[in-house]
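Please have the view open as you read.

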Amino acid sequence: MNWLRVFFVGGLTSYRALFRWLNPWVYVPLMLLYPLFQIVFFAYVGRGAGLGSDRFFLIGNALATIAVACLFGMGQVIGNERWFMTLPALLSSPASRLALFLGRSLPTMLNGIFVCAFALTTGSLVLGVDLPLGAAGGLALAILACAFSCTAFGMWFGALGLRGRNVGILANLIDGIMLVVCGVNVPLRDLPGWVQTVANGLPLTHGIGAARRVVAGASVGSVGHALTMEVVVGLVYFVVGVGLLHVFELEGRRTASLEAF
Amino acid sequence: MIRLAARGVLLQFKILSQSAFDMLNAAFWPLVFATIAYYLFRSGSHARSLFDASLGATVMTMWATCGIGAAFAVQWQRRLGTLELLVASPTPFIALLAPITIAYAALGIYSLASTLLWGRVLFGIPVDPVHPFLFVVSLPAAILAIGMLGLLVSSTLILYRAAGALGNSLEYPIWLATGLLVPLSLLPGWVRPISWLLAPTWGMRALRESALGGSPLPAIGWCLVTSAAYAALAAVFLGHFERLAREKASFALT
């Protein structure tokens, strides 16, 4: 019972306190307008290059917003404990670490889903892209899978926040790399083979591919493998992320560096 | 004043060059945009110069670093506890703020270097500007114009607490409206007059025409004209907000 209380109540409270972008003056420009502008921009870059597929850029960039919400979100909801000087108090509590940190991941994931849905809807309206109603189920599954894998990847940044000062810089770097290699704006087949191999191990790649195929008319069953791969990638990141949280907590205690900057 | 501005830009440039966050933005993000543009331009049906993509990515980053930095410049001085000292000094505040925003734009030098090197090494893009001298002149003209646009943004967003977020969200619209990677002819007609008012349009045009051929001098001239106009407007806004802040004694309030 206490585990569930820490997971749900503690998770939500921590999220509201530590995810600094929840302030509407920040949330609207960064989480709602920025993704929409990004979609429109890359759609026009595609038009300018003569590629002419707004749908490609709409889906890629809308799903990429999940990475922004989840990578930075998880980085903040754990890493900001250090900035707000509450990390030692948190880690000296007897609460289950899994409940503590997983509880923060649920709101992060839900936020990623909301931001993506908003970007998809408004982006399709602005660009005049028709998203078939029949694809809604498959799209929802792809968004869910991407939100899970990105949140799991985000746990790495949260874990690094137990050791490092500014995980935002690293999240920024990874976000940029994902924008290039995960098939967000550049078709995977155009990238070098080794980049495709790396991309297959990153969140978003399989989910974006599945979403594009579903919108193009494929059945959910036919993209089942891609969706499963997205979840498997997420599971791997999740397991490693939980391990990193544990290792960095022990290391922080051992070196007395939980309050160090 | 000239000595103050030059020293100020140099000092701020050195400070920013020590910042991992700003250096990442300046040297890494243009590579992201340039790489995407290279692939799209190569596989698209419209022939586009990859050198042009490098320049577009450079000016995009120049505005991005300057836009965010400028939007946050006054708040940052306030947080450091130096805002009151700067305002109280006998030098006009605008002469102290402008070097900060110009220094942010000057980080574009790193962007240009990293993008050209990246394009040359990985994509074999030759770096052979048609007018080398004018290319060298175009860069500081673009930096000045974009820095002064940053000054204008900074002066208008003083009272907005989340100015950094707003500056961030305006990146893409300004990149789009100034034709950095997308030809303006693709955009609705009403965007064109807006683009004329925005410094990156002229900075990009100056760099593009000196690099790929054309007559960059008018664009360089427009960089100077827009810079002067931004400075005049910023002086008005700053004077107004400085008076308000003095009346309310709110300089030190975060």
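1. Start in chain B of this predicted model, with helix 8 (residues 132–156) and helix 12 (residues 199–212) of chain B: their axes come within 8 Å and cross at roughly 175°. Angles over 145 degrees count as roughly antiparallel, and helix 8 of chain B and helix 12 of chain B are therefore roughly antiparallel to each other.

2. Now look at the residues where these two helices meet. From helix 8 of chain B come, among others, L134(B), F135(B), A142(B) and L149(B), while helix 12 of chain B brings residues including P200(B), W202(B), G203(B) and L207(B). Sorted by class, this contact has 15 nonpolar residues, three polar ones and no charged ones.

3. Next, turn to the place where the two chains touch. Here 28 residues of chain A are in contact with 31 residues of chain B. On the chain A side, helix 2 (24–49) and helix 7 (167–181) each supply at least two residues. Helix 2 of chain A gives the largest share, 16 residues. By class, the side of chain A that touches chain B has 18 nonpolar, eight polar and two charged residues.

4. Finally, which residues touch the most other members of the largest nonpolar core? They are L63(A), I66(A), A37(B) and A142(B), in a core of 174 residues. Helix 3 (residues 54–83) of chain A provides the largest share of this core, with 17 residues.

5. L63(A) deserves a look of its own. Leaving aside residues up to four places away in sequence, L63(A) touches C116(A), I143(A), C146(A), L204(A), G207(A), I208(A) and A211(A).

Conventions. Residues are numbered from 1 along each chain as its sequence is written. Chains are lettered from A and ligands numbered from 1 in the order in which they are written. This is a predicted model: local features need pLDDT of at least 70, side-chain atom pairs count only at pLDDT 80 or more; totals for chains, interfaces and linings use all residues. Two residues are in contact if their C-beta atoms, placed from the backbone, lie within 7 Å. Helices (H or I, at least four residues) and strands (E, at least two) are DSSP runs, numbered from the N terminus. Ala, Val, Leu, Ile, Met, Phe, Trp, Tyr, Cys and Pro count as nonpolar, Asp, Glu, Lys and Arg as charged, and the others, Gly among them, as polar. Axes are lines fitted to C-alpha atoms, for helices over the stretch in contact, and angles run from 0 to 180 degrees between N-to-C directions. Angles under 35 degrees count as roughly parallel, over 145 as roughly antiparallel, 65 to 115 as roughly perpendicular and the rest as oblique. A nonpolar core is a set of buried Ala, Val, Leu, Ile, Met, Phe, Trp, Tyr and Cys residues joined through C-beta atoms within 7 Å. A residue is buried if 20 or more other C-beta atoms lie within 10 Å of its own, exposed if 12 or fewer, and partly exposed in between; C-beta atoms are placed from the backbone.
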